[in-house]
Amino acid sequence: MSERTAARLAQVGVVCALLILWQLAATVWGVSRLLLPPPLPVLRAFYRLLVSGAFLSDLELTLFELAAAFLLAAVAGGVIGYLVSRSSYTIEVFNPLFTSLYAIPSILLFPLYVMYFGLGAESKIAMGASVAFFPIVLNTVAGLDYVDRAYVKAARSMGASGRQMFCFVMVPAAFPVLLTGLRLGFILAFLAILGAETIASLAGLGHRIVSLAEALDTTQMFAYILLVILVAAALNAAVSLIEARGRWTPL
C-alpha cells in the first residue's frame, strides 16, 4: 500500500469515527436531539437542500463577498508589498508595523465596518479584505526581499529594464512565497466573512446558519454547516492545486 493511499484511508477512518461518535452522542449518551440531531436526519436534510437549491442565493452572496474582498486585498497587498520591498529602510520601518497590526484581532474592526457600510455585503467585504491584506503584504515583502541577488546582478548585466527585472526576475523568483501569501489571504478572508455574517448580516451562509439556530431548526442548521464545510474544502483544494501548479523557479 502506498503512503498516499494509507493517508486517504486514515482520513476516511477519521471521518467515520466522527460520525460514529456523533451517532452515539445523539442516541446513546443522552445529548438532546434539539441540540445535536443524529447524522441520518441531517444527511437527509442536506440532500433535500441540494436538490431544492435553496442555498444558492446565500452561497452566491458569500462567494461574491469573498471574491471582492480577496481581489481588494491582493491588489493592495501586492502593490504596497512591492513598494515597501524596494529598499531596506522601508522594510525596516513597515514590516514590524504590519506584523504588529496583523496580531490585532480583526474582529474588533467589524463594528466600525457595520457603522460605516451597514449590514450589507460592503461590511463583509471590508472585513475579509482587512484580514487577507496582512498575510499577502507580508509575504510579498518577504518574497521580493529575499530574491537571490545573483539573479538581479545577472539581469542588470544583460541590460534588463526595471519592468523586465520585476516581471521576469523578481516575480518568478519570489513566486512560491507570493502564492503562499495569496493562499493564506484567501482562506482567512473566507473565514472572516463567514464569521462576520454570523454576527451582523442580512443574508449569506453565516447569516442563514444563525437564523436556523435562533429558530431551533438544528437539523437544517447542521445541513447548512455541512454545506459550508464542503464549500470550504472545495475552495481549499482548488487554491492548493493552483498553488502547487504555480510553484516554479526561473531558469
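**Reading a predicted model: exposure, core and rings**

Student: Is Leu216 buried or exposed?

Tutor: This model is predicted. Exposed means over 50% relative accessible area. Leu216 counts as exposed because its relative accessibility is 54%. Leu216 sits in the loop between helix H9 (205-214) and helix H10 (218-246).

Student: Which residues of the largest nonpolar core touch the most other members?

Tutor: They are Leu66, Leu205, Tyr224 and Leu227, out of 33 residues in that core. At least two core residues come from each of helix H2 (39-52), helix H3 (56-84), helix H6 (121-145), helix H8 (162-199), H9 and H10. H10 gives the most, with 9 residues. Leaving aside residues up to four places away in sequence, Tyr224 touches several residues, among them Leu49, Phe55, Leu205 and Ile209.

Student: How many aromatic pairs does the structure hold?

Tutor: There are 8. Planes over 60 degrees apart count as edge-to-face. Phe70 and Phe186 form an edge-to-face pair because their planes are at 85°, with ring centres 5.3 Å apart. Phe70 is in helix H3 and Phe186 in helix H8, 116 residues apart.

Student: Why is the pair of Tyr102 and Phe134 stacked?

Tutor: Planes under 30 degrees apart count as stacked. The planes of Tyr102 and Phe134 are at 20°, so the pair is stacked, and the ring centres lie 6.0 Å apart. Tyr102 is partly exposed at 35% relative accessibility, whereas Phe134 is buried at 14%.

Note on methods: Residues are numbered from 1 along each chain as its sequence is written. This is a predicted model: local features need pLDDT of at least 70, side-chain atom pairs count only at pLDDT 80 or more; totals for chains, interfaces and linings use all residues. Side-chain values use heavy atoms; hydrogens and water are left out. Helices (H or I, at least four residues) and strands (E, at least two) are DSSP runs, numbered from the N terminus. Buried means under 20% relative accessible area, exposed over 50%, partly exposed in between (1.4 Å probe, protein chains only). A nonpolar core is a set of buried Ala, Val, Leu, Ile, Met, Phe, Trp, Tyr and Cys residues joined through side-chain atoms within 4.5 Å. Contact means heavy atoms within 4.5 Å. Rings of Phe, Tyr and Trp (its six-membered ring) pair if their centres lie within 6.5 Å; planes under 30 degrees apart count as stacked, over 60 as edge-to-face and the rest as tilted.
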